[in-house]
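We start with the overall layout, then turn to helix packing, the core and a few individual residues.

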Amino acid sequence: MAKKKKALQETKDPEKTLDGLIRTMRQTLTKEGLYRPEMARQVELTASTLMMFRVVRDVAIRLGEDVTVKETSREGDARIKNNPVIYQYIQVADLLQRNLRALNMNKELTKG
């Protein structure tokens, strides 16, 4: 019973669902006077990217991923290559930053 109650509480957090994230982002943009109805698809895309970012991040953290992985070829030779989980994390993080920038939801620090 306690597990069920905890699961219900988690789903009430708007940051845990796609619709909740969309709603939160829309409210934030509206509060700042930046939201316009034509931004609906960009908000949805950004919220989806944020959800994917969290999934990839959690996998990388849970597995304690290293930056590189060691593989063995068919011939038995060892080779080191970039870890695909870390590479995917970087790609999704970059995409998320671009999506947030498109919505004017992240500010880049500038000199001076």
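This is a predicted model: local features need pLDDT of at least 70, side-chain atom pairs count only at pLDDT 80 or more; totals for chains, interfaces and linings use all residues.

## Layout of the chain

In total, the protein chain has four helices and two strands. Buried residues account for 21% of its 112 residues. If you look at contacts between residues at least 6 apart in sequence, 49% of them join residues at least 24 apart.

## How the helices pack

Two helix pairs are worth a look, and H3 takes part in both of them. In general, a pair of packed helices is described by the angle between the axes and the distance between the axes. Here are those values for the two pairs.

| Helix pair | Angle between axes | Distance between axes |
|---|---|---|
| H2 and H3 | about 125° | 9 Å |
| H3 and H4 | about 155° | 9 Å |

Let us take H3 and H4 to begin with. An angle of about 155° is over 145 degrees, the cut-off for roughly antiparallel, so H3 is roughly antiparallel to H4. The crossing of H3 and H4 is left-handed. On the H3 side, the contact is made by Gln42, Leu45, Thr46, Thr49, Leu50, Met52, Phe53, Val56, Arg57, Val59 and Ala60. On the H4 side, the residues include Val85, Gln88, Tyr89, Val92, Leu96 and Leu100. Sorted by class, this contact of H3 with H4 holds 16 nonpolar, five polar and one charged residues.

Now for the other pair. With an angle of about 125°, H2 and H3 are oblique to each other. Their crossing is right-handed. H2 brings Leu18, Leu21, Ile22, Met25, Arg26 and Leu29 to the contact, while the H3 residues include Val43, Glu44, Ala47, Leu50 and Arg54. By class, the contact of H2 with H3 has nine nonpolar, two polar and three charged residues.

## The nonpolar core

Which residues have the most contacts inside the largest nonpolar core? They are Met25, Leu29, Val43, Ala47, Leu50, Phe53 and Leu103, in a core of 14 residues. Helix H2 (18–31), helix H3 (40–63) and helix H4 (84–102) are the elements that give two or more residues to this core. The largest share, five residues, comes from H3. As a general background, nonpolar side chains in soluble globular proteins tend to be buried together.

Leaving aside neighbours within four places in sequence, Met25 is in contact with Val43, Thr46, Ala47, Leu100, Leu103 and Met105. Among these partners, Val43, Ala47 and Leu103 are also listed with Met25 as residues with the most contacts inside the core.

Is Val56 buried or exposed? Val56, in helix H3, is buried, because its relative accessible area of 8% is under 20%. Beyond neighbours within four places in sequence, Val56 is in contact with Val85, Gln88, Tyr89 and Val92. The C-alpha atoms of Val56 and Gln88 are separated by 7.3 Å, although these two are 32 residues apart along the chain.

Val67 sits in the loop between H3 and strand E1 (68–72). Val67 counts as exposed because its relative accessibility of 59% is over 50%. Leaving aside neighbours within four places in sequence, Val67 is in contact with Lys81, Asn82, Asn83 and Ile86. From C-alpha to C-alpha, Val67 and Val85 are 8.6 Å apart, with a separation of 18 residues in sequence.

Arg23 belongs to helix H2 and is partly exposed, with a relative accessible area of 45%. Arg23 and Glu44 are 21 residues apart in sequence, and their C-alpha atoms are 9.4 Å apart in space.

Finally, have a look at Asn104, in the segment after H4. What is the phi of Asn104? The value is near 60°, which is positive in a residue other than glycine. Asn104 is partly exposed, with a relative accessible area of 37%.

Definitions and conventions. Residues are numbered from 1 along each chain as its sequence is written. Side-chain values use heavy atoms; hydrogens and water are left out. A nonpolar core is a set of buried Ala, Val, Leu, Ile, Met, Phe, Trp, Tyr and Cys residues joined through side-chain atoms within 4.5 Å. Buried means under 20% relative accessible area, exposed over 50%, partly exposed in between (1.4 Å probe, protein chains only). Contact means heavy atoms within 4.5 Å. Axes are lines fitted to C-alpha atoms, for helices over the stretch in contact, and angles run from 0 to 180 degrees between N-to-C directions. Angles under 35 degrees count as roughly parallel, over 145 as roughly antiparallel, 65 to 115 as roughly perpendicular and the rest as oblique. A crossing is left-handed if the near helix is turned anticlockwise from the far one by less than a right angle, and right-handed if clockwise. Ala, Val, Leu, Ile, Met, Phe, Trp, Tyr, Cys and Pro count as nonpolar, Asp, Glu, Lys and Arg as charged, and the others, Gly among them, as polar.
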